[in-house]
Amino acid sequence: MAASDDGDQRLLALLTQWTGLDLSGRGRETVSWIRERAAALGESSALRYVESCARGGSDESARLLDRLTVHYSWFYRDGQQIDLVAEILSEQPAGGGPIDVWVPGCAGGEDAYTVAMAAALCGRSVRVLGTDINPNVIRYAARGRYSVDATRSLPPELRQYLRPAGDFYAIAPEIARSTSFAVHNLLAPPPLPTSSHGPTGSGWNIILCRNVLLYCTPEHGRGTLAR
């Protein structure tokens, strides 16, 4: 293996260790972008750039994650799955405590808000937490404003939970109150559902993990399921 190839593999291995993503199908373009970006910033090496980003918390870390992750989504995506979640929610006792739902890899938040809408429609109280490794998409999700195109698949009965806002739609306040977002890496221990008195200790009632593990290496996918 040539020295440059060995360096490329070290870059990709570090990225996978950080994110769990399988980058084997787009390694060349990823490494090329990283080398160009590191040079533009005056970094001493591409590896140093990745090591700095992997520590997280910086704008540059978020920029790299934008490059690595898929964050395109829309409301009521794969509607049969949402219908099944709504059926599970409706089977829970009415008037009970909030049902805790975790949506890992939530991207722009459409899935998390869709679940909260489905719960409101069937009269169930929920606490939905959407998480993603990318802080940029978490900020976008928390803003709660979406293009018309993102709502294209939303059934009429769920559109009551949107509010026109110029060229966009805003999430209705009652849906926003039941939905929160946080940065979380699936390679880390999972977050716990919380109440006003701290962790419930009972775990999540529903975990809706869609189109996330298919981007992970088999090893990291199995580890995530175990956690």
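Predicted model: local features only at pLDDT ≥ 70, side-chain atom pairs only at ≥ 80, totals over all residues.
A pocket here is an open set of points on a 1 Å grid over the protein atoms alone, with protein on both sides within 12 Å along at least five of seven lines, and lining residues have an atom within 4 Å of a point.

Residues are numbered from 1 along each chain as its sequence is written, and side-chain values use heavy atoms, without hydrogens and water. Local features need pLDDT of at least 70 and side-chain atom pairs pLDDT 80 or more, whereas totals for chains, interfaces and linings use all residues.

Select Val70, Gly105, Asp132, Asn211 and Val212, which lie nearest the centre of the largest pocket among its 30 lining residues. The lining comprises 14 nonpolar, eleven polar and five charged residues. In this count, Ala, Val, Leu, Ile, Met, Phe, Trp, Tyr, Cys and Pro are nonpolar, Asp, Glu, Lys and Arg are charged, and the others, Gly among them, are polar.

Of its 15 lining residues, Trp102, Pro190, Ile207, Thr224 and Arg227 lie nearest the centre. Strand β1 (99–104) and helix α9 (218–226) are the elements that each give two or more residues to this lining. By class, the lining has twelve nonpolar, two polar and one charged residues.

Now select helix α5, residues 79–90. Helices (H or I, at least four residues) and strands (E, at least two) are DSSP runs numbered from the N terminus. Which residues of α5 are buried? They are Gly79, Ile82, Val85 and Leu89; buried means under 20% relative accessible area and exposed over 50%, with a 1.4 Å probe and protein chains only. Seen down the axis, these residues fall within an arc of 115 degrees, so they line one face of α5; the arc is that of the directions from the helix axis to the C-beta atoms. Their cover includes β1, α6 (110–121), β2 (126–132) and β9 (206–207).

Finish at helix α2, residues 27–41. Its buried residues are Gly27, Thr30, Val31, Trp33, Ile34, Arg37 and Ala38. They cover an arc of only 160 degrees around the axis, which puts them on the same side of α2. Turn to the face away from that buried side to find the exposed residues Arg28, Glu36, Ala39 and Ala40. Gly42 follows α2 and has a positive phi, near 75 degrees.

Conventions:
1 Å grid on protein atoms, 1.4 Å probe; cavity = no way out; pocket = protein on both sides within 12 Å on 5 of 7 lines; lining within 4 Å. Expected span 1.5 Å × (residues − 1). Contact = heavy atoms within 4.5 Å.
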